[in-house]
Structures are given as C-alpha cells and as structure tokens.
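Hi,

Here is the structure I promised to pass on to you. Have a look at it first, and then read on for what turned up in it.

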Amino acid sequence: NLIQLTKPVLTDHSARDSFVVYICVAGKAEIMYRDGRLPVVMGDSVLIPAEMAECRLVPAPSAGLLEVYIEV
C-alpha cells in the first residue's frame, strides 16, 4: 500500500498476524508508538513487529510511505 500522509493517521494492525514494514519514499514523518517515537526520512525503512498492534504516522509536513506486510 502507498500511503500519502498529509495529516496524522492511527494504524491498527491487530487483525494481521504479520510484521509491517514502512519505507519512506517521499518527505519525512514520525512513527509514534507506545514507548516512544521514531523520525523517518526518504530512504528509511522501519520494521514494526507483529506484537505492536498500533502506531501513529505523523507527517512533517507531508510524506509518502510504502506499507508492506504478509497476508496470512
């Protein structure tokens, strides 16, 4: 999935039994999760483990993220 971020998005991966990888393909953003936050810029890849059901994607000010996961 290609996600074009212009405003914050709360993701819920609890229905998937898979990790999620976000690849920043444009701009920059911040991935906020229960224990902290992680800035990402174009070219960065981030692996979200399957155990982490929710995270918030916050653009700064806009970003394009490629979302990759395994469909089970």
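For background, most peptide bonds are trans. One thing to keep in mind throughout is that this is a predicted model.

**The overall picture**

Of the 72 residues, 31% count as buried. The accessible surface comes to about 4600 Å², and carbon and sulfur atoms hold 57% of that. Contacts across the sequence matter for reading this fold: among contacts with a separation of 6 or more, 73% are between residues 24 or more positions apart.

**The inside**

In soluble globular proteins, nonpolar side chains tend to be buried together. Here the largest nonpolar core has 14 residues, and the ones that touch the most other members are Ile-3, Leu-5, Tyr-22, Ile-31, Ile-48, Leu-57 and Leu-65. Two or more core residues come from each of strand 1, strand 3 (20-33), strand 5 (45-48) and strand 6 (54-69). Strand 3 gives the most, with five residues.

Setting aside residues up to four places away in sequence, Leu-65 touches Asn-1, Leu-2, Ile-3, Leu-5, Tyr-22, Ile-23, Cys-24, Val-25 and Leu-57.

Is Ala-63 buried or exposed? Ala-63 has a relative accessible area of 5%, so it is buried. With the residues up to four places away left out again, Ala-63 touches Ile-3, Gln-4, Leu-5, Ala-26, Gly-27, Lys-28 and Ala-29. Ala-63 and Thr-6 are 57 residues apart along the chain, yet their C-alpha atoms are separated by 7.0 Å.

**The outside**

Some nonpolar residues do sit on the surface. Leu-2, Val-25, Leu-66 and Val-68 form a nonpolar patch there, with about 300 Å² of accessible area together. Leu-2 belongs to strand 1 (residues 2-5), and its relative accessible area is 54%, so it counts as exposed.

Leu-47, in strand 5, is exposed as well, with a relative accessible area of 55%. Beyond its neighbours within four places in sequence, Leu-47 is in contact with Phe-19, Val-20 and Val-21. From Leu-47 to Ile-23 is 24 residues in sequence and 8.9 Å in space, C-alpha to C-alpha.

**The charged pairs**

Side chains of opposite charge can pair when their charged atoms come close. How many salt bridges are there? The count comes to three.

- Arg-16 and Glu-67 meet through their side chains at 3.9 Å, N to O. Arg-16 is in the loop between strand 2 (9-12) and strand 3, while Glu-67 is in strand 6, so this pair ties together parts that are 51 residues apart in sequence. Arg-16 is partly exposed at 25% relative accessible area, whereas Glu-67 counts as buried at 8%.
- Arg-37 and Glu-30 form a salt bridge at 3.1 Å, N to O. Glu-30 counts as partly exposed, with 21% relative accessibility.
- Asp-35 pairs with Arg-34, and their closest N and O atoms are 4.0 Å apart. Both Asp-35 and Arg-34 are exposed.

Key
Residues numbered from 1 in each chain as written. Predicted model: local features only at pLDDT ≥ 70, side-chain atom pairs only at ≥ 80, totals over all residues. Heavy atoms only, no water. Patch = residues over 30% accessible without salt bridge, like charges linked within 9 Å, V, L, I, M, F, W, Y side chains within 5 Å. Areas by Shrake-Rupley, 256 points an atom, 1.4 Å probe, with all protein chains shown as cover. Helix = DSSP H or I, 4+ residues; strand = E, 2+ residues; numbered from the N terminus. Buried < 20%, exposed > 50% of the residue type's maximum accessible area, 1.4 Å probe, protein only. Core = buried A, V, L, I, M, F, W, Y, C linked by side-chain atoms within 4.5 Å. Contact = heavy atoms within 4.5 Å.
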